[in-house]
Amino acid sequence: MMKHKGFIGMLFVAMCIFALAGCQLARADAGEEPTGDRLIGVFVTDEYLDLFDFEGYLNDNFGGISDGGIITEDQSRRYEGRLYAVLKELELVDEETGETSTTKEYVFEGVNGASYFAATITEEDGNTSYTTTGSDETISDGHTGIFIGDDEEKTTLEGIIYIAATPGMISRYINPVYQGADGRVYAVSGSGMTMDGAENEGGAFSQTIEETTTITENGESKKHSTSVKISLETMFSPVKIAILEMDENGSVLSHREYSPGQVPDRLAPNKQTEYIIVETHKQDSSGNALITRELIGREETNFTTFFRRGDDICVKRWTDLLWE
């Protein structure tokens, strides 16, 4: 609500803003509170998710504002709107067999952001339901925990957003996502977190959202608790990935180089390969070359690399190892 404290002294400016914002995102039920609905995760955006209902605010409070009255924070909260997600059916293709399958997930259409939440999906028959975790590739190192008991349910979500170390400040807005009793999923405006991205690799900042609600059905109460932790972490941008296959004597059997993001999803090492060295070539903020190395033994089934997207997000990719 801090965003709107200067609103009273800028009434006419706000009216102009509203007049220019005739085309807005589809929203519904502005002013409804998430009370009774369950927190299920977050929707992370680069910019503030402005869902405030200016028109309703002005229509209901114009007289009081023009007379010099003060609108309290509790009174203004009822004008905070919701951004509803759409349940969409997605087709998945098995890369090995070519077989297809379908799944469903909630999507915030028309808004750039990363979803990370555990929603309950009920089938059309109304008798079958299941929980699905929706996560964008932006969220790396995701850990999800779901506990369902007779009188308590717990959900924990934790993930990291890796961002290229660049001059200036890095900001992200963590918008809570709720699911109502009717099954609909929606986001509300959240708070932002900011960190300096120019210093070095490994700078980190995190934010945790927690909420516990109690729902009573047929005279029985059940507690629902959710905890979501999102961290921002800076890293120097990869410029090249080198894969070295080594034999038992430490000799190089194979040396392949890839552009970031072009490392294969599957890799079959040579029969004589005893271990693999994954080299990530980077540049620091001064342009100096850096190399980090990871040793992969025959007991490992995969390894990870990163590539930098156009929005400065560094995305983690997995490569499966097909050892003979």
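Predicted model: local features only at pLDDT ≥ 70, side-chain atom pairs only at ≥ 80, totals over all residues.
Which residues do ring pairs link into a cluster? They are F43, F108 and F117. Good morning, colleagues.

Let me begin with the rings. Across the whole structure, a search finds 6 aromatic pairs. One of them is formed by Y48 and Y173, whose rings are arranged edge-to-face, with 6.0 Å from centre to centre and 75 degrees between the planes. This pair joins distant parts of the chain: Y48 belongs to the loop between β1 (38–45) and α2 (54–66), while Y173 belongs to strand β9 (residues 169–179), and the two are 125 residues apart.

Y186 has another partner to report. The charged end of R82 sits over the ring of Y186, at 4.0 Å from the ring centre. A contact of this kind also involves Y84: R184 lies over the face of that ring, 4.3 Å from its centre.

I turn now to the salt bridges. How many are there? The count comes to 17 salt bridges, and I shall present several of them individually.

The side chains of E109 and K88 meet in a salt bridge, at 3.2 Å from N to O. E109 is located in the loop between β4 (100–107) and β5 (114–122), and K88 in strand β3 (residues 86–93), so this contact ties together parts that lie 21 residues apart in sequence. E109 is partly exposed, with a relative accessible area of 42%. K88 is also partly exposed, the value there being 35%.

The next salt bridge brings together the side chains of K316 and D141, with 2.5 Å from N to O. What parts of the chain does this pair link? K316 is in strand β20 (residues 313–321) and D141 is in strand β7 (residues 140–148), distant parts of the chain that are 175 residues apart. The two partners fall into separate accessibility classes: K316 counts as buried at 18% relative accessibility, whereas D141 is partly exposed, with a relative accessible area of 26%.

K271 lies in the loop between β16 (266–267) and β17 (275–283), and E324 in the segment after β20, so the pair ties together parts 53 residues apart in sequence. K271 is exposed, with a relative accessible area of 62%, and E324 is exposed too, at 65%.

Salt bridges also link residues beyond simple pairs. E137, R309 and D311 are joined in a network of such contacts.

While we have strand β7 in view, I would mention I146, which has its place in that strand. I146 is partly exposed, with a relative accessible area of 41%. Its C-alpha atom is separated by 9.1 Å from that of T131, and these residues are 15 apart along the chain.

Rolling a probe the size of a water molecule over the atoms shows where empty space is left. In this model the count comes to 1 cavity of 30 Å³ or more, and the largest cavity has a volume of about 30 Å³.

Which residues line the largest cavity? The lining is made up of D37, R38, L39, E211, T213, H224, S225 and T226. By class, there are 1 nonpolar, 4 polar and 3 charged residues in that lining. Strands β1, β12 (204–217) and β13 (220–235) each supply at least two of the lining residues. The largest share comes from β13, with 3 residues.

To close, I return to two of the contacts described. Y48 and Y173 form an edge-to-face pair across 125 residues of sequence. K316 and D141 form a salt bridge across 175 residues. Thank you for your attention.

Terms used: Residues numbered from 1 in each chain as written. Heavy atoms only, no water. Phe/Tyr/Trp six-rings, centres within 6.5 Å; stacked < 30°, edge-to-face > 60°. Helix = DSSP H or I, 4+ residues; strand = E, 2+ residues; numbered from the N terminus. Lys NZ or Arg CZ within 6 Å of the ring centre and 35° of its normal. Salt bridge = Lys/Arg side-chain N within 4 Å of Asp/Glu carboxyl O. Buried < 20%, exposed > 50% of the residue type's maximum accessible area, 1.4 Å probe, protein only. 1 Å grid on protein atoms, 1.4 Å probe; cavity = no way out; pocket = protein on both sides within 12 Å on 5 of 7 lines; lining within 4 Å. Points joined across faces, edges and corners; volume = space filled by probe spheres on them. Nonpolar A, V, L, I, M, F, W, Y, C, P; charged D, E, K, R; others polar.
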